Amino acid sequence: MSVLTRDEAQTRAKLLDVHRYTIDLDLTTGDETFDSRTVIRFTAGTDADTFVELKPAELRSATLDGHPLDPETLDGNRLPLKNLTAGEHELRIDASMRYSRTGEGMHRFTDPTDGETYLYTQLFMEDVQRVFAAFDQPDLKAVFELTVKAPEEWTVLANGVTEHLGEGRWRAALTPLISTYLVAVAAGPWHSVHTEHRGLPFGLHCRRSLAPYLDPDADELFEITKQCYDRYHEKFEEPYPFDSYDQAFVPEFNAGAMENPGLVTFRDEFVYRSAVTDAERQTRAMVIAHEMAHMWFGDLVTLRWWDDIWLNESFAEYMGYQTLTEATRFTDTWTDFGVVRKGWGYDADQRPSTHPVAPEAVDDTAAALLNFDGISYAKGASALRQLVTWLGEKDFLAGINTHFARHRFGNATLADFIDSLASATERDVHAWADAWLRTTGVDTLRPVVTPGEEGTYTLRIEHDGSRPHRIAVGLYDQDVADEGRHLILRARLDLDVPQSEPHPLGKRPALLLLNDGDLTYAKVRFDDESFAAVRASLSGLPEPLTRAVVWNALRDAVRDGELPPTAYLDTARAHLPHETDLALVQGVLGFATAQIAARYLTPDERPAALATLTALCRDLIRRTEDGDNPGLRLIAVRHCIDVAAQPDTIAAWLADGTVPGGPELDPELRWRVLGRLAVLGATDETAIAAELDRDPSATGQEGAARCRAALPDADAKARAWDAMFATDDLSNYLFTATAAGFWQPEQTELVRQYVPRYYEDAVAVAARRGPAIAEAAGRWAFPVYAVDEETLRLGETCLSEADPIPSLRRKLVDQLDDLARALRVREG
């Protein structure tokens with residue numbers, strides 16, 4: 001299959017003006033394929049040759065202006081359109097298309113709970129070609145007219161309001177001008193909840209088997225949707241541009257969500273079958289806010305080419321967190337951003353695969369797909385937050401509204417966006433964009449505190465990097481009333497970096513914290529006295545966002561080899577039992593468990609780390625015995641399971657169906673316990689099969705696959721490996737579940753023989769099954785716990801000799817860099 005290059009897209013955009021797609025889909029033709037008939041009406045500006053894209057199971061016929069085209073001329077995914085003349089044209093395509101089991105194109109899923117089948121589209125980048133023929137690039141917007149034939153008992157959802165015409169036929173309202181990748185269809189016997197807001201129909205949709213879990217949350221979901229909708233209408237002068245707002249929770253979805261106009265699709269794990277924390281509800285709310293922001297930035301105004309994906313994702317990421325803070329009960333979302341998202345950006349920006357937020361060299365769609373990462377999301381959002389700090393929100397929003405007015409239902413570039421901002425301010429936003437959006441890497445800020453006269457001090461900030469920053473510097477003193485366990489904010493200084501001269505501090509603070517409030521994107525370090533205050537009093541800092549900045553600084557110092565991993569564990573052991581913010585507890589425990597105990601410490605050091613984490617979790621469980629913080633207790637119980645070195649306690653929980661004092665073990669906790677017991681060799685296939693009988697849902701199927709792959713048995717490992725790499729039967733989710741179970745820190749010797757096999761087999765499966773499975777193979781099936789030079793050497797050989805497809809190559813580059821970092825941390 002040929003990927004579309006930027007040059008080809010620019011040539012075709014100059015040639016064509018696409019007016020309308022009329023698409024008819026027949027979803028009643030069997031389990032493997034569906035019928036797709038497309039009529040494209042367009043104008044050619046000059047006489048020329050071009051092509052249309054599609055990836056059919058069978059191309060039955062094609063006609064251009066009534067003249068037949070030879071289906072045999074289809075070359076990969078391109079059907080040539082030869083000798084076009086200037087003027088209007090009509091292209092007709094009749095094809096059979098394959099259903100997908102990898103979350104790409106038209107994904108087909110049969111619910112094991114009740115046998116019902118559901119279909120949905122994910123047409124991002126090049127996957128529209130799996131569903132209908134298209135001039136598939138974002139700047140050839142068109143109107144879409146869609147009809148669908150489905151089984152009589154199904155409901156069909158689309159970008160606009162749908163009407164049932166009878167006998168299983170549905171018609172969607174005509175769309176305004178949108179890009180091909182934003183067309184959406186979801187079909188099946190959906191369970192739906194409806195309401196109306198400001199005259200607009202709102203809907204929530206999920207599988208019927210999830211109805212008992214969606215219904216109790218419907219009021220919360222609608223409330224957040226309405227609050228965000230209202231707040232965006234206060235911020236944006238352009239009204240919501242589509243005729244309805246449906247949110248469909250769909251199975252086996254690869255991303256968190258997708259911003260299809262009028263029909264946002266979410267992974268249906270956001271319909272909670274088991275207990276969750278308020279932090280997880282906040283994450284779901286942020287995704288709702290993020291996707292709604294896309295209705296303006298991405299859908300109303302769309303990037304011209306994929307080098308500007310940050311205009312979509314960075315904007316929605318920033319606006320999602322900010323709007324959630326302003327409009328909903330979740331008022332502390334930037335702490336979650338600092339803990340969960342910021343590290344994602346920092347990590348991505350320090351790897352060989354880093355790229356600018358706004359890269360200038362995205363040559364084709366394969367390269368573009370690689371940029372959906374922590375840089376385009378987290379770093380870009382951080383850059384926008386810094387821009388708002390520097391520019392002021394009033395001017396920022398004025399520039400945004402100018403941008404919408406200039407480019408509504410059209411396409412725009414970085415230059416267009418910066419010009420819109422420049423129209424609203426006297427500041428040099430072009431220079432700011434060059435410094436922040438065209439560069440790579442993470443700046444590092446270090447405080448240098450110098451004594452002066454009469455007990456006074458000055459601050460100079462060492463700046464390793466090139467970007468200008470506007471930051472807050474927090475000066476904290478020990479609270480003598482409680483023997484220094486708490487730190488009191490004396491002052492918060494607003495400073496520009498680079499500095500023109502040292503800044504006076506007065507007396508020496510116990511803790512001097514750069515980037516207090518987390519308003520910029522930079523790693524920060526501590527001077528010696530401040531680090532001592534952190535070790536003694538971190539949990540006594542008054543604001544969770546301040547504590548998030550400190551924890552991130554400690555995390556970065558571990559990763560950079562400046563802080564021993566055991567020092568991080570000791571700090572967590574001392575201060576996490578007193579933490580009140582759930583996102584912080586989750587983030588610190590997650591890093592300590594998945595990175596420090598599993599990768600940064602040697603196998604000989606792992607038992608002590610697990611013992612420390614177990615003791616920490618037990619402290620949190622004891623602290624929550626009164627039942628007033630169920631979210632914190634749930635986090636502690638989950639991690640107590642994950643770090644269990646002996647099976648007795650968690651096996652008793654499973655047998656009793658409850659943790660003493662609560663919570664009762666719901667399906668998520670039961671599978672979590674069984675998974676850990678599998679790793680420890682304390683369960684077997686009989687117990688896994690019994691649990692699957694108890695929970696035969698899709699989530700149960702994934703849990704069983706994960707447990708079976710985790711068993712410390714040579715035959716179980718062989719079966720799991722064959723399921724992933726020898727056949728192509730596993731869906732994207734079952735592949736991921738199997739891969740997640742296969743590699744375990746306790747089983748490195750058992751699976752050592754699979755490390756060299758991984759590279760050859762991953763390259764082959766990625767080539768056969770495409771980018772979604774390639775990403776899963778690179779992320780989840782990589783031998784992450786084989787932290788040794790041989791794994792690194794084998795990976796480097798694979799990159800130089802095996803020619804993996806781009807999506808796998810990118811994951812391998814990142815994994816190998818993380819592996820090399822883990823080796824450096826171990827070497828100390």
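# Worked exercises on a predicted model

Asn-515 has a relative accessibility of 1%, so Asn-515 counts as buried. Keep in mind that you're looking at a predicted model.

**Exercise 1. Work out whether Asp-803 is buried or exposed.**

Step 1: look at the backbone. Asp-803 is another residue other than glycine with a positive phi, near 55 degrees.

Step 2: find the loop, which lies between helix H26 (789-801) and helix H27 (806-827).

Step 3: read the accessibility. Exposed means over 50%, and Asp-803 has a relative accessible area of 60%, so Asp-803 is exposed.

**Exercise 2. Decide how H19 and H20 are oriented relative to each other.**

Step 1: recall the description you need. Two packed helices are described by the angle between their axes and the distance between the axes.

Step 2: get the values. The axes of helix H19 (residues 667-679) and helix H20 (residues 685-694) come within 11 Å, crossing at roughly 170 degrees.

Step 3: apply the cut-off. Angles over 145 degrees count as roughly antiparallel, so H19 is roughly antiparallel to H20.

Step 4: list the contact. H19 brings Arg-670, Trp-671 and Leu-674; H20 brings Ala-687, Ile-688, Glu-691, Leu-692 and Arg-694. Sorted by class, that's five nonpolar, no polar and three charged residues.

Step 5: zoom in on Leu-674. Its relative accessibility is 2%, so Leu-674 counts as buried. Leaving out residues up to four places away in sequence, Leu-674 touches Leu-654, Thr-683, Ala-687, Ile-688, Glu-691 and Cys-707.

**Exercise 3. Now do the orientation of H22 and H24.**

Step 1: the axes of helix H22 (residues 714-725) and helix H24 (residues 754-769) come within 10 Å and cross at roughly 25 degrees.

Step 2: the limit for roughly parallel is under 35 degrees, so H22 and H24 are roughly parallel to each other.

Step 3: pick out the residues. On H22 you'll find Ala-714, Lys-717, Ala-718, Trp-721, Met-724 and Phe-725, and on H24 Tyr-754, Arg-757, Tyr-758, Asp-761, Ala-762, Val-765 and Arg-768. The contact of H22 with H24 has nine nonpolar, no polar and four charged residues.

**Exercise 4. Classify the aromatic pairs Phe-297 with Phe-404 and Phe-742 with Tyr-754.**

Step 1: the whole structure holds 48 aromatic pairs. In the pair of Phe-297 and Phe-404, the centres are 5.6 Å apart and the planes are at 65 degrees, an edge-to-face pair.

Step 2: Phe-297 is in the loop between helix H4 (278-294) and strand E20 (301-303), while Phe-404 is in helix H9 (residues 393-407), so to link them the pair bridges 107 residues of chain. Phe-297 and Phe-404 are both buried.

Step 3: take the other pair. The centres of Phe-742 and Tyr-754 are 5.1 Å apart with planes at 90 degrees, so this pair is edge-to-face. Phe-742 is in helix H23 (residues 732-742) and Tyr-754 in helix H24, twelve residues apart. Both Phe-742 and Tyr-754 are buried.

Step 4: look at the ring of Phe-742 again. The charged end of Lys-717 sits over this ring, 4.9 Å from its centre.

**Exercise 5. Find what Ala-142 touches.**

Step 1: Ala-142 is in the loop between strand E9 (117-122) and strand E10 (143-149). At 0% relative accessibility, this residue counts as buried.

Step 2: not counting residues up to four places away in sequence, Ala-142 touches Val-18, His-19, Arg-20, Tyr-21, Thr-175, Pro-176, Leu-177 and Ile-178.

Step 3: check one partner. Arg-20 is 122 residues from Ala-142 along the chain, yet their C-alpha atoms are separated by 5.3 Å.

Conventions
Residues numbered from 1 in each chain as written. Predicted model: local features only at pLDDT ≥ 70, side-chain atom pairs only at ≥ 80, totals over all residues. Heavy atoms only, no water. Helix = DSSP H or I, 4+ residues; strand = E, 2+ residues; numbered from the N terminus. Buried < 20%, exposed > 50% of the residue type's maximum accessible area, 1.4 Å probe, protein only. Contact = heavy atoms within 4.5 Å. Axes fitted to C-alpha atoms, helices over the stretch in contact; angles between N-to-C directions. Parallel < 35°, antiparallel > 145°, perpendicular 65-115°, else oblique. Nonpolar A, V, L, I, M, F, W, Y, C, P; charged D, E, K, R; others polar. Phe/Tyr/Trp six-rings, centres within 6.5 Å; stacked < 30°, edge-to-face > 60°. Lys NZ or Arg CZ within 6 Å of the ring centre and 35° of its normal.
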